[in-house]
Amino acid sequence: MRGAHLPIPCQALMHHFPLCRRTVSSQQRAGVAHAEAGRPPGHATLQCLHHLPDLRTSIHAYQPPAAEGRDIDAVLTAQLRSVNTQLTSTTDSIVPMQFVMALRQRFPRFAEMQNGAYMQQDADECLRGLLTSLATTLPGSSESSNRVDELFGYRLKSSLKCLECDEEPPQESEELTRVLMCHLGTQTEPVSHITQGVQLSLKEHIEKNSPVLGRNAQYEKTSTLESLPPYLIVQFARFGYKGANEWAGTSAAKVKLTRKCAFTHTFDILECASDDLKKKLSVGRLRKKEVEDAELERLKKALDKSAKDEDVEMKPVEDAAAAAAVGVEELDTGYYQLVGIISHKGRTADGGHYVGWTLHKKADGKDLKDDQWVLFDDDEVSFVSWKDMTGMSTDLCGGKADTQIAYINIYKKVTVAADPGQSLGAASSTEKEEDVKMEAGYS
């Protein structure tokens, strides 16, 4: 379906972020209209962030301070709240002029122009910038926290070891970060899977001064996740710089890596976790296996009974959301569900086209055989299945320079309700725990 176009004067003013969006009906969406060349990443970023219910609720509840105490971050958050309100309440196109003005004032780079038009900016810069502003304005559950870090932040534990001096003790550190990188390797040693790319990003070699040797030396920095966020942002290292080549007569320029890096609709973070976190995850994964086994047994009994009684009603086992509603403890499993994608089509970061994808409905194995997604491509909005997003003509995993390729993936944490009635794994064997670690379908 196609959203209504903006009036020409508004398009001329707002080509950087003309936005129209959701309708009251869950089956209707509006799109984003651009009047000029050079499509920016802002609308794709907003679409994906808007579809995260926890963040959307926090933004909606935001109350800006009085005018005299309002800084630019407060203004930007208030304008984002206004945009979100319009996105959920109208079927018409909207022109978020005040939001764009605040964004450009807070981040002047988004106001840069070239040849009379606003320059294309990186979706990663837009996402990180918005999260930085929201972190200063959205309060967390305690006075020392903020809502952004509660939703996206995770603790990264690092160890820095000198490779040239065994006598020098490793340096341990811990930091809070919001974006997990996925490196793509090299042409001779390419990365083929997202898990491999993330693991590669958690190990790096750097050169620094060694206090023991009294000179520069090579160090290896290894990192592991010490905690898991409710929402995990994974950025593919698609863009880089290519140096000037006098012999070839080329100047330095931004380049895009289009090589394929496979991912599925789920992501298992276990191999990137610290030893302490792995122990906690093993408990949740064992419990998850118990719940799934119980569901399979229930379905088997229901099918056996339905052979005798056609009126049998098969009710699903209580899910995690219902369990959380009654105060049952939620256990981390290390699994994440893909809920949003920002992709880019083109060969350079300075051009091309960004679009947003958000999960609409998960497959139920009955009426819906495959996960259904919504594609936001300017003013064109369509429903697509997962297989069409990773198929022959379009494959978000990459490999084709002139098609959409995933740049930023947003995942939602998968948890399982603890069993308050018995100790976890009481009826399970060591072999069963190994089965959990090797569980298929979560890669």
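## Helices, strands and the chain as a whole

The protein chain of this predicted model contains 12 helices and 18 strands, where helices (H or I, at least four residues) and strands (E, at least two) are DSSP runs, numbered from the N terminus. Residues are numbered from 1 along each chain as its sequence is written, and side-chain values use heavy atoms, with hydrogens and water left out. Because the model is predicted, local features need pLDDT of at least 70 and side-chain atom pairs count only at pLDDT 80 or more, while totals for chains, interfaces and linings use all residues.

Of the 443 residues in the protein chain, 44% are buried; buried means under 20% relative accessible area, exposed means over 50%, and partly exposed lies in between (1.4 Å probe, protein chains only). Among the contacts in the protein chain with a separation of 6 or more, 67% are between residues 24 or more positions apart, a contact being heavy atoms within 4.5 Å.

## Aromatic pairs

The structure holds eight aromatic pairs. Rings of Phe, Tyr and Trp (its six-membered ring) pair if their centres lie within 6.5 Å, and planes under 30 degrees apart count as stacked, over 60 as edge-to-face and the rest as tilted. In one of the pairs, the rings of phenylalanine 152 and tyrosine 231 have centres 6.0 Å apart and planes at 35°, so this pair is tilted. Since phenylalanine 152 belongs to helix H7 (residues 147–152) and tyrosine 231 to strand S10 (residues 231–236), the pair ties together parts that are 79 residues apart in sequence. Phenylalanine 152 is buried, with a relative accessible area of 0%, and tyrosine 231 is buried with 2%.

Phenylalanine 236 and phenylalanine 263 form another tilted pair, at 5.7 Å centre to centre with 40° between the planes. This pair links distant parts of the chain, 27 residues apart, with phenylalanine 236 in strand S10 and phenylalanine 263 in the loop between strand S12 (253–256) and strand S13 (266–268). Both phenylalanine 236 and phenylalanine 263 are buried, and together with Trp373 and Trp386 they form one aromatic cluster.

## Charges over rings

A charge sits over a ring if NZ of Lys or CZ of Arg is within 6 Å of the ring centre and within 35 degrees of the ring normal. The charged end of arginine 104 sits in this way over the ring of tyrosine 118, 3.6 Å from its centre, and the charged end of lysine 208 sits over the ring of tyrosine 219, 4.6 Å from its centre.

## Two single residues

Glutamine 235 lies in strand S10 and is buried, with a relative accessible area of 6%. Leaving aside its neighbours within four places in sequence, glutamine 235 is in contact with residues including Asp124, Arg128, Met181 and Tyr407.

Asparagine 115 is found in the loop between strand S3 (113–114) and strand S4 (117–118), where asparagine 115 counts as exposed at 79% relative accessibility. Although asparagine 115 is not a glycine, it has a positive phi of about 55°.
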